[in-house]
Amino acid sequence: MTSFPTHSCAVQPVLPFITPPNTNESLFLPRRSRKIPPEAWQVFPTKTPAQWHEFAKDKGYEIVRRVRDKNHIVLECNTCGGLTAHKVYTLRSAQPDCGACHYDRIIETAKAAGLIFLGYHPTDRHLGFYRAPCGHDLIRQFEFIERCAKGDAIPRCETCHAAKEQGEAEARGWDLIGPDPQNDPNYRLYRHDCGHEQRIARVNMQTGRFCCEQCGEGWSSAPSYIYAMRFVFPDKTQAVKLGFSRDPQSRLHHQLKRSTEAGSAGAQNSEIDGELLRQVPMQSGHLALCVEKRMHAEIKRTYPDAALPAERFEAWLRVKSEIYVAKLEPVILAMLRRLHGDARDLD
């Protein structure tokens, strides 16, 4: 399975706290001090000046003890009760950050984003490790997870996404090799069953609108289908379409339907309902084209008023003709049954 990790997974997450020797308490450490081993954070046996206690009280803390050396103290947060080691200089000149409160906020933000926070990146302060609901681990920026928690983004798992893309490729006889060698984010590099490697846009792999440059057939020589489709437009108008395509499902879901986000007023920003009613296999696209033209000519002779005017459907479909009124559906299905050589209703 091919994956496209955003960051190297060789590094391991780092927790922001340690358990000092001879204690069972969690002591939170500033980021730059997390490489210091736990045994270094033992009690430093000396008195604490009274003025330091006043500094701590004014800034929402109590001094618990001095640790490591003469320059470090342990502060107890008056809000959460957590213990954080800081330099005396930080206490005197700035507002010390409570490591426990900060850690709790990160955990809650991850939970709101549907993730479990595992720890900090050892070298990049902007990154954290998270576990996704699928069980895979992710490395993401804290700012991105905040946006996910607000619903403005989605924390996609690269492993699962790569498996999805591989499945799309396998469904069409291809194997996903990796990212596009020309660094186009819309393309991937694939290998066909014949062994040929090719750059293909992912959307084309999804819709089937491409062919192998080595062994593929053009539409005129490739196997094709004559199909009938039913449409129900947002204004409740029903219609039927007769046509041909190498892949009718792709034709229905990816080619015929017009996007209505910025469509005309008649589109009413609504999706249309479409259904593939029947498809009859043809040996080649050229044969399918010839048969389809004969069928449309027969319809025009027998039912001259059956074609819908383009203005009735052009807001929703990317075609301008060959769309018929709904009452012609049984007629077209009967023509396809005859084409298939079976007079019985097989649908």
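How do the axes of α3 and α4 cross, and within what distance do they come? I looked this up before anything else.

**Ground rules.** The model is predicted, so I note that local features need pLDDT of at least 70, side-chain atom pairs count only at pLDDT 80 or more, and totals for chains, interfaces and linings use all residues. Residues are numbered from 1 along each chain as its sequence is written, and side-chain values use heavy atoms, with hydrogens and water left out.

**Entry: α3 and α4.** I found that the two axes come within 8 Å and cross at roughly 50 degrees. Axes are lines fitted to C-alpha atoms, for helices over the stretch in contact, with angles from 0 to 180 degrees between N-to-C directions. Helices (H or I, at least four residues) and strands (E, at least two) are DSSP runs, numbered from the N terminus. The pair is therefore oblique. Under 35 degrees counts as roughly parallel, over 145 as roughly antiparallel, 65 to 115 as roughly perpendicular, and the rest as oblique. The crossing of α3 past α4 is left-handed. That means the near helix is turned anticlockwise from the far one by less than a right angle; clockwise would be right-handed. I then listed the meeting residues: Ile106, Thr109, Ala110 and Ala112 from α3, against Phe142, Ile145, Glu146 and Ala149 from α4. Contact here means heavy atoms within 4.5 Å.

**Entry: the buried side of α4.** Which residues of α4 are buried? In this helix, residues 142-149, I noted Phe142, Phe144, Ile145 and Cys148. They sit on the same side of α4, because their arc around the axis is only 155 degrees. The arc is taken from the directions from the helix axis to the C-beta atoms. Buried means under 20% relative accessible area, exposed over 50%, and partly exposed in between (1.4 Å probe, protein chains only). Their cover includes α3 (99-112), β6 (116-120), β7 (127-131) and β8 (137-141). Just after α4, I saw Gly151 with a positive phi of about 85 degrees.

**Entry: cysteines.** How many disulfides does a search of the whole structure find? I got 0. A disulfide is counted when a pair of cysteine sulfur atoms lies within 2.5 Å. For Cys77, the closest cysteine sulfur is in Cys98, at 3.8 Å, so it is too far for a bond. For Cys101 it is in Cys80, at 3.5 Å, again too far. Cys77 is buried at 7% relative accessible area, and Cys101 is buried at 16%.

**Entry: α8 and α9.** I turned to α8 (residues 285-302) and α9 (residues 329-340), whose axes come within 12 Å and cross at roughly 140 degrees. They are therefore oblique too. Here the crossing is right-handed. Val291, Met295, Glu298 and Ile299 of α8 meet Ile332, Met335, Leu336, Arg338 and Leu339 of α9.

**Entry: His192.** I placed His192 in strand β10 (residues 187-192). It is buried, at 17% relative accessibility. Beyond its neighbours within four places in sequence, His192 contacts Gly173, Trp174, Cys212 and Cys215.
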